[in-house]
Amino acid sequence: MVGASSRFIVLEGPDGAGKTTYVKLLAQKLRHAGFKVITAREPSDGPIGREIRRRLKTGDTDGIGEMFLQDREWHMNNVVLPALRKGYVVVMDRYWPSSIAYRRFNHTPPEKVYAQIRKYPEPRIIVLDAPVEVLLERVGRRSDGNFFDKREVIETVRQEYLMLAEKHGFPVVRTDRWPSEVFRDIVAHVEVLS
Ligand SMILES: Nc1ncnc2c1ncn2[C@@H]1O[C@H](COP(=O)(O)OP(=O)(O)O)[C@@H](O)[C@H]1O
Ligand SMILES: Cc1cn([C@H]2C[C@H](O)[C@@H](COP(=O)(O)OP(=O)(O)O)O2)c(=O)[nH]c1=O
């Protein structure tokens with residue numbers, strides 16, 4: 001990797017962990033603190049990311065592993081790196097740990113994932129976590145679920161995230177608590193706010 005960037009912040013975790021919720025709150029807090037901020041997500045809102053989202057809805061996942069990598073390339077070069085260069089803080093929903101945690105289901109070769117991210121700055125990655133029953137209850141409330149929103153996937157992926165956190169030293173924040181407590185703990189891991 002080309003060095004760490006404290007202005008590049010990633011929230012990770014299984015579906016239903018709270019990434020979307022806390023990406024928004026964190027971006028708000030950073031803006032109030034005077035930073036220029038963009039929020040971003042993977043799969044991205046670019047052409048490949050939109051196609052991935054469409055396929056995740058229909059369950060047509062053949063060849064999707066390569067598409068996650070192509071989308072990451074597009075998104076980093078067209079959205080994330082230009083924003084970091086202009087001095088923005090980037091708060092992102094998912095990054096390479098998603099490729100690894102879901103690898104049994106998305107068919108993305110881990111060696112390709114690691115080879116690709118070496119080119120990019122290393123973000124602050126925070127893993128959000130909750131018990132499987134809580135995650136299932138939360139995704140079950142959604143009308144816009146996807147192909148991976150099922151017990152077998154969520155159980156496996158949650159364990160993968162906990163192993164990744166252990167291996168790489170990512171902080172893990174439990175989200176089956178009051179949102180204000182969860183948010184305080186997330187903020188404590190964001191260097192630019194300390
Ligand atoms: N601390 C919390 N307590 C209770 N519900 C929460 C908490 N954090 C998030 N939620 C709820 O859980 C659901 C899933 O959160 P979301 O941010 O969409 O997760 P993700 O983006 O990780 O799939 C949402 O309905 C959200 O309002
Ligand atoms: C970024 C990425 C996501 N995924 C999976 C994880 C999620 O289940 C899915 C993306 O959907 P998700 O983040 O849940 O999007 P939304 O909340 O908008 O529905 O793609 C991978 O398998 N590999 C990856 O590299």
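I count a polar contact as a pair of N or O atoms within 3.5 Å; within protein, one must be able to donate a hydrogen and the other to accept it, and residues adjacent in sequence count only if both atoms are side-chain atoms.

**Ground rules.** This is a predicted model, where local features need pLDDT of at least 70, side-chain atom pairs count only at pLDDT 80 or more, and totals for chains, interfaces and linings use all residues. Residues are numbered from 1 along each chain as its sequence is written, chains are lettered from A and ligands numbered from 1 in the order in which they are written, and side-chain values use heavy atoms, with hydrogens and water left out.

**Confidence.** I looked up pLDDT, the predictor's confidence in each residue, from 0 to 100. The protein averages 96, and 99% of the residues score at least 70. For the complex I noted an ipTM of 0.94 and a pTM of 0.97.

An unreviewed UniProt entry annotates residues 11-186 as "domain: Thymidylate kinase-like". UniProt positions follow the numbering used here, feature names are shortened, and annotations may be inferred rather than shown by experiment. I take helices (H or I, at least four residues) and strands (E, at least two) as DSSP runs, numbered from the N terminus. Over residues 11-186 I find 57% helix and 13% strand. The end C-alpha atoms of this stretch are 9 Å apart.

**Ligand 1.** I call a residue near a molecule if one of its heavy atoms lies within 4 Å of it. Ligand 1 has 16 residues around it, with Gly16, Lys19, Thr20, Thr21 and Arg142 the closest. I then checked polar atoms. Tyr22 places a polar side-chain atom 2.9 Å from a nitrogen atom of ligand 1. A polar backbone atom of Thr175 is 3.0 Å from a nitrogen atom of the ligand. Arg138 has a polar side-chain atom 3.3 Å from an oxygen atom of ligand 1. Taken alone, ligand 1 exposes 570 Å², of which the protein buries 75%. Areas come from the Shrake-Rupley method with a 1.4 Å probe; for residues, only the protein chains shown count as cover. Helices H1 (19-32) and H9 (179-187) are the elements that give two or more residues to this shell. H1 gives the largest share, four residues.

**Ligand 2.** I find 15 residues around ligand 2; Asp15, Arg53, Arg94, Ser99 and Asn106 come nearest. Alone, ligand 2 exposes 550 Å², and the protein buries 91% of that. Helices H2 (47-58), H3 (64-85) and H4 (96-101) each supply at least two residues of its shell.

**Backbone.** I checked two loops. Pro43 lies between strand S2 (37-41) and H2. The peptide bond from Glu42 to Pro43 is cis, with omega near -10°. Arg94 is in the loop between strand S3 (89-93) and H4. Arg94 is not a glycine, yet has a positive phi of about 80°.

**Annotated site.** The unreviewed UniProt entry marks Gly13, Pro14, Asp15, Gly16, Ala17, Gly18, Lys19 and Thr20 as "binding site". From this set, Asp15, Gly16, Ala17, Gly18, Lys19 and Thr20 belong to the lining of the largest pocket. I place Pro14 in the loop between strand S1 (4-12) and H1.

Terms used. 1 Å grid on protein atoms, 1.4 Å probe; cavity = no way out; pocket = protein on both sides within 12 Å on 5 of 7 lines; lining within 4 Å.
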